[in-house]
Structures are given as C-alpha cells and as structure tokens.
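The exercises below concern the structure shown here. Try each task before reading its solution.

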Amino acid sequence: MYEPVESPVENILHPKVKHNPLLKYPRVASHQPIGTVEKYPYVLMTSTVAEHWCGGSSTRNIPWLNELVPEPVIEIPEALARKLKVKTGDRVKVSSARGELLVKAVVTPRMQTLQADGREVTVVWMPYNWGYRGLSTGPSVNHLTIDALDPGAGTQESKACLVNVVKFPESGAPSDAQGGKA
C-alpha cells in the first residue's frame with residue numbers, strides 16, 4: 001500500500017518510497033505540478049451528489065434537480081470553519097497546485113479532522129458534477145485534481161489531492177482560465 005502522489009503524511013509501510021513506483025502519471029509537468037502539504041494543507045476528497053449523475057451534463061439540464069442542488073460547494077469541518085472564520089454560504093477560494101475555484105462553503109459536522117501519522121489531517125469535500133454547460137453551471141473540481149493513476153486498476157487519484165481553502169474576498173479573485181467563475 002502506498003500513499004497518493006499528494007499526501008499530507010509519510011508512507012509508514014514504505015518509508016523510503018514517497019508513492020507507488022509503478023504509478024501511471026501521464027502528466028505534463030508544466031500543467032500538472034505536484035503540491036506540497038506546506039502550501040496546500042488540506043486533503044480534498046471528491047465524489048458525486050445523488051441529484052446529478054457523473055459530470056452532470058444531462059442532469060444539470062433538468063430544472064427540478066437544479067433546484068435541489070443548484071451549484072457546487074465545498075464541505076468543510078466545523079473546526080476549519082472556525083479557523084477560517086467561515087460560515088455556511090460564505091464564498092471561499094479552493095486552490096491546488098493546478099488551479100483554483102471560487103465556491104460556497106457548507107460547514108458540517110460530517111467532516112472531521114483525522115489523526116494520521118501523529119498529526120491532524122483536515123479533509124474537505126467537493127462534488128465533481130459541474131461544468132461550463134447546462135442550466136446549472138459552475139466550476140469543475142477537475143481544475144484542482146491530479147491525473148495520477150493506480151498502476152493496477154487505472155483508477156484516478158482524483159479523490160485524493162492537496163488543497164488550500166481561504167475565505168473570499170480576502171483571497172483575491174481567481175482567474176477564469178482556471179475555472180474561477182462560480
């Protein structure tokens with residue numbers, strides 16, 4: 001077992017190996033830089049929401065589904081919300097080594113700070129169901145994720161990458177080229 005390319009902790013099973021040496025990483029270094037925990041202290045986890053399938057290209061064109069979940073958000077733990085002075089509905093800038101997005105925060109007790117390798121690891125969550133077309137548009141979380149692949153199954157590491165979260169407007173406006181419109 002190996003840690004993802006971007007991990008907040010060292011690999012305790014293989015301490016001399018940062019990540020899987022057989023990792024498939026079809027990156028263009030200038031477009032897919034690797035972030036460090038010093039600059040991006042939080043782990044981003046992505047998944048879907050029940051109301052929008054896959055990338056949402058068909059379901060985001062159904063008005064009643066858009067009423068239920070109209071835009072992408074980031075769920076953050078209560079402890080992080082207190083630290084950032086963020087409450088539900090506030091806009092935050094989420095950034096990785098590859099891009100940045102502006103989205104609303106949802107403060108929730110579902111997200112908890114974890115203990116890993118003797119340190120606190122804060123996990124945040126975002127859905128991957130948005131894009132630039134449809135009745136409900138929004139920034140794609142793919143602007144943040146990494147394109148490394150598991151060597152066995154070919155599964156993307158897009159569910160594990162490092163990010164930073166700061167309250168907006170203190171964070172400055174993200175650029176449109178990196179998916180910054182919310």
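**Exercise 1.** Leaving aside neighbours within four places in sequence, which residues is Val 94 in contact with?

*Solution.* Contact means heavy atoms within 4.5 Å. With neighbours within four places in sequence set aside, Val 94 is in contact with Ile 74, Gly 99, Glu 100, Leu 101, Val 103, Met 126, Leu 144, Val 163, Asn 164 and Val 165.

Before going on, note how the values were made. This is a predicted model, in which local features need pLDDT of at least 70 and side-chain atom pairs count only at pLDDT 80 or more, while totals for chains, interfaces and linings use all residues. Residues are numbered from 1 along each chain as its sequence is written, and side-chain values use heavy atoms, with hydrogens and water left out.

**Exercise 2.** Describe the largest nonpolar core.

*Solution.* Start with the terms. A nonpolar core is a set of buried Ala, Val, Leu, Ile, Met, Phe, Trp, Tyr and Cys residues joined through side-chain atoms within 4.5 Å. Buried means under 20% relative accessible area, exposed over 50%, and partly exposed in between (1.4 Å probe, protein chains only).
Next, the members: the largest core has 24 residues, and Ile 74, Val 94 and Met 126 have the most contacts inside it.
Then the elements: those giving two or more residues to this core include strand E2 (73-77), helix H2 (78-84) and strand E3 (91-95). Helices (H or I, at least four residues) and strands (E, at least two) are DSSP runs, numbered from the N terminus.
Apart from this core lies another, of 12 residues, among them Val 37, Val 43, Trp 125 and Leu 162.

**Exercise 3.** In what order do the elements of the protein run?

*Solution.* Count them: there are two helices and seven strands. From the N terminus on, the order is β-α-β-α-β-β-β-β-β.

**Exercise 4.** Do E1 and E6 run parallel or antiparallel, and how many bridges join them?

*Solution.* Two strands pair if DSSP finds at least two bridges between them. E1 and E6 run parallel and are joined by six bridges; here Tyr 42 stands opposite Thr 122 in E6. E1 and E7, by contrast, run antiparallel, with three bridges, and Leu 44 stands opposite Cys 161 in E7.

**Exercise 5.** Is Gly 138 buried or exposed?

*Solution.* First locate Gly 138: its place is in the loop between E6 and E7. Then apply the cut-off: Gly 138 counts as buried because its relative accessibility is 11%. Finally, Gly 138 and Pro 70 are 68 residues apart in sequence and 9.1 Å apart in space, C-alpha to C-alpha.
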